[in-house]
Amino acid sequence: MAKKVILTGDRPTGKLHLGHYIGSLTNRLKLQDEAEEYVMIADAQALTDNADNPEKVRQNVLELMLDYLAIGLDPEKTVFFVQSALPELPELTVYFLNLVTLARLQRNPTVKNEMKQKGYGANVPAGFLTYPISQAADILAFKADLVPVGEDQLPMIEQANEIADTFNRFYGPVFKRAKALVSSTGRLPGIDGKAKMSKSLGNAIYLSDAEKTIKEQVMKMYTDPRHIHVEDKGKVEGNVVFTYLDAFDPDKSAVGALKRQYRKGGLGDVEIKKRLIEVLESLISPIRQKREKLAKDPERVMSILEKGTKKAGETTRKTLAEAKKAMKIDYFR
Ligand code: ATP
Ligand code: MG
């Protein structure tokens, strides 16, 4: 049986954090052993809302690679590549642009939300509004079966599948529908209790953070504002410390006991925060150590990316040729 193809990626706009870890990285780690896995650094997509800051995008390409390798993504199993180096992707995007209406783009809930967050209104860069189409090209070019992503990406996969359907209907069967693979935790909230931990919201704990930073961030965490005295009854739902314990503490029965005690009263916020600090430190400390070692040889790390990009290019060239043939624009050999 042919291996399943996995395609996923991240925007090089910052280092990876716990939200990425739970939302997508753990699934990537699991799948690299059994599937043909591609991980894309979406630098062209990052430029759609960072056009004036190429330095930031460039620097974070290396940071992402360090994060990937440090968490255990293995270049022998996973193909890493950089989006901008594969011209077939923007070429497919151009053809896909004809298959999507402006109204459909404006309805995409994730883009709508991000536009509001960034305060774009009608002055949205055209590249930003259309990034779901370029993301469809990324997914479809690899004929991905599965896309491990956070919940916020579901509308993107839906849009990619619509494009695949329309293309196939117009020109014949070339593209394959992809399935999103969303982690059971869904979306990890930020330490401030906001709906999403995000690089751009300043509410993240990074996989590379120092122990001291982890402590500071956890101590700042949003809990239950009405839980003032230790003996007060506390709320577990919406309490970020418990959300994180649920997501990261391997000892589920201990977490269950803490929840019961917290609800009843008699368990202080500092106690549960101390436990979370230990849990996070034991997750992050081996990642941090490996990352520090890798960071000493950035050229080696970039050559892994270069090698992967060459390999990924073989696939995108093949798919583009098929697409152009189907579209009857394959004039010359
Ligand atoms: P930016 O603010 O620049 O968009 P980001 O933090 O949203 O950065 P992305 O590179 O856009 O990160 O997302 C990479 C992947 O991680 C996506 O699949 C996204 O769904 C997932 N992801 C990001 N934040 C979270 C989160 N808080 N919980 C779960 N998944 C997340
Ligand atoms: Mg994002």
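Me: Which residues touch the most other members of the largest nonpolar core?
Reply: In this predicted model, that core has 51 residues, and L18, Y68, F80, I205, M221, Y244 and F248 touch the most other members. A core here is a set of buried Ala, Val, Leu, Ile, Met, Phe, Trp, Tyr and Cys joined through side-chain atoms within 4.5 Å; buried means under 20% relative accessible area, exposed over 50%, partly exposed in between (1.4 Å probe, protein chains only).

Me: New topic: where is K143?
Reply: K143 sits in the loop between α8 (131-141) and β4 (146-148); helices (H or I, at least four residues) and strands (E, at least two) are DSSP runs, numbered from the N terminus. Its phi is near 50°, positive in a non-glycine residue. K143 counts as partly exposed because its relative accessibility is 23%.

Me: K328, then: buried or exposed?
Reply: Exposed, with a relative accessible area of 67%. K328 comes in the segment after α14 (298-326).

Me: What about numbering and confidence?
Reply: Residues count from 1 along each chain as its sequence is written, and chains are lettered from A and ligands numbered from 1 in written order. Local features need pLDDT of at least 70, side-chain atom pairs count only at pLDDT 80 or more, totals for chains, interfaces and linings use all residues, and side-chain values use heavy atoms, leaving out hydrogens and water.
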